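Subject: Structure for you to look at

Hi,

Here is the structure I promised you. Please open it and keep it beside this email while you read.

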Amino acid sequence: MSTTFTPDDADAQSAGYNYDESKVASYTLPDPLLCADGTKVTDAKIWREKRRPEILELFRTHMYGRSPAKPAGLVYEAGATDTKALGGKATRREIHIFLDGKKGGHRMTLLLYLPNGAKQPVPAFLGMNFEGNHTIDADPGITISEQWTSDGKERPDKLVKPAETTRGKSIGRWPLEMILARGYAVATVARADVEPDYATGWKHGLRAALSKDGANTQWNTDDWGAVAAWGWGLSRALDYLETDKAVDSKRVALLGHSRLGKAALWAGAEDERFAIVISNNSGEGGAALARRNFGETVERINTSFPHWFCTNFKKYNQDVHHLPVDAHQLIALAAPRPVYVASAEEDKWADPKGEFLSAKFAEPVYRLFNKAGLGVASWPPVNTPVGDVIGYHLRTGKHDVTDYDWARYLDFADRHFRKEKKN
Ligand code: GTR
């Protein structure tokens, strides 16, 4: 498989940051089981009713910002359909979702591939793509995405209108045939359909569309950022999947890579309908512990991408040890659902060990549900997947999504989604 697609991680390993494990300073993580009133969580009920809502609120207030509720009456419009896509193996559908609930309003296009010949509703993988639906496969029938895209920097001059030449550009990250052959549907939406990824991109995105002041909105310090907006869009994609009889919406695995892995983790925390949550190399602001000074830092992410998180998050640029939450609690918000964290050996910018540790330190919450965690005490060697309800692997290679990653996610989904059927 090709791993040459790199525009999103072109600067993914910056000089001047710590990549030396012996220079990681000591840190104390907030206790996921210690409630604000000083009492300890002793069972799953207290977690669900008291501690989980507290942690969710802390993430909303200090990191991702507060997202609006689901709009009343989402509007869907069927787009192109091909029942003989991919050489007859799949049905391809495009569904336009009007995110502000108004026909002709802010539109996100869901691209859905369904394996042909399924006798019952199929489980699905849902993930956001970086540069347009048409980049995930060379299939000539996919409509070229309409929204202009960028590389996430405040460089509007570099915005590009998706062109035919980019069809299939990220095919290496989306092994459709492999996923469909295992009996899963694949659903995807483009990040720019929700919000173009640069500092003032929100003015052309969903956040402005849903705000009464539109592009003139003055944001509150805890209002949602782009990561939360992308996550919210993923929940709206799930709203649609709930209406599609070909898909078993109770078995949707949400997956995201890198910045979109941050969005997947946050969407999975906010929206418990996602049955599995998968973080692929999500790094800082995602699965990596913020308190570990290894690779990207809070200050750096808030500076390079000032639009990703809420304004309050910037307070911690110099003061990460006072951030009231950390990534292990984000992973714990998935509990008791299966969650998978994946790292890549050369992706030091994302702090692979910090990603492992957040999965590890989420275990006490899974234990409340009598769920096994990673099953290992220390960071496993490369290409050695571990875990049960919390899964983890460190793959050889760089920041990317590869067939190796997908094979692990398919096994993980089979294990949890098809459990009953094996008996
Ligand atoms: C990097 C950013 C990371 C990661 C990555 C990506 O530049 O610093 O946090 O999100 O982009 O999304 O590819």
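The lining of the second largest cavity has six nonpolar, four polar and one charged residues. Here Ala, Val, Leu, Ile, Met, Phe, Trp, Tyr, Cys and Pro count as nonpolar, Asp, Glu, Lys and Arg as charged, and the others, Gly among them, as polar. This is a predicted model: local features need pLDDT of at least 70, side-chain atom pairs count only at pLDDT 80 or more, and totals for chains, interfaces and linings use all residues. Residues are numbered from 1 along each chain as its sequence is written, and side-chain values use heavy atoms, with hydrogens and water left out.

Back to that cavity. A cavity is a set of points on a 1 Å grid over the protein atoms alone where a 1.4 Å probe fits but cannot get out; lining residues have an atom within 4 Å of a point. The whole structure holds three cavities of 30 Å³ or more. β6 gives the most, with three residues. Strands like this are DSSP runs of E, at least two residues long; helices are runs of H or I, at least four; both are numbered from the N terminus.

Now the ligand. 11 residues surround it, the closest being S258, R259, K262, E296 and W349. To count, a residue needs a heavy atom within 4 Å. Which polar side-chain atoms lie by an oxygen atom of the ligand? One belongs to S258, at 2.7 Å. K262 has a side-chain N or O atom 2.9 Å from a ligand oxygen. For H399 the distance is 3.3 Å. The protein buries 98% of the 320 Å² that the ligand exposes when taken alone. Those areas come from the Shrake-Rupley method with a 1.4 Å probe.

Finally, the backbone. Most residues other than glycine have a negative phi, and most peptide bonds are trans. S258 has a positive phi, near 60 degrees. S258 sits in the loop between β6 (247–257) and α7 (259–270). S258 is buried, at 12% relative accessible area; buried means under 20%. D351 also has a positive phi, near 55 degrees, and is buried at 2%. A cis peptide bond joins A335 and P336, with omega about 0 degrees.

Best wishes

Conventions:
Buried means under 20% relative accessible area, exposed over 50%, partly exposed in between (1.4 Å probe, protein chains only). On a 1 Å grid over the protein atoms alone, a cavity is a set of points where a 1.4 Å probe fits but cannot get out, and a pocket is an open set with protein on both sides within 12 Å along at least five of seven lines; lining residues have an atom within 4 Å of a point. Grid points are joined across faces, edges and corners, and a volume is the space filled by probe spheres set on the points. A polar contact is a pair of N or O atoms within 3.5 Å; within protein, one must be able to donate a hydrogen and the other to accept it, and residues adjacent in sequence count only if both atoms are side-chain atoms.
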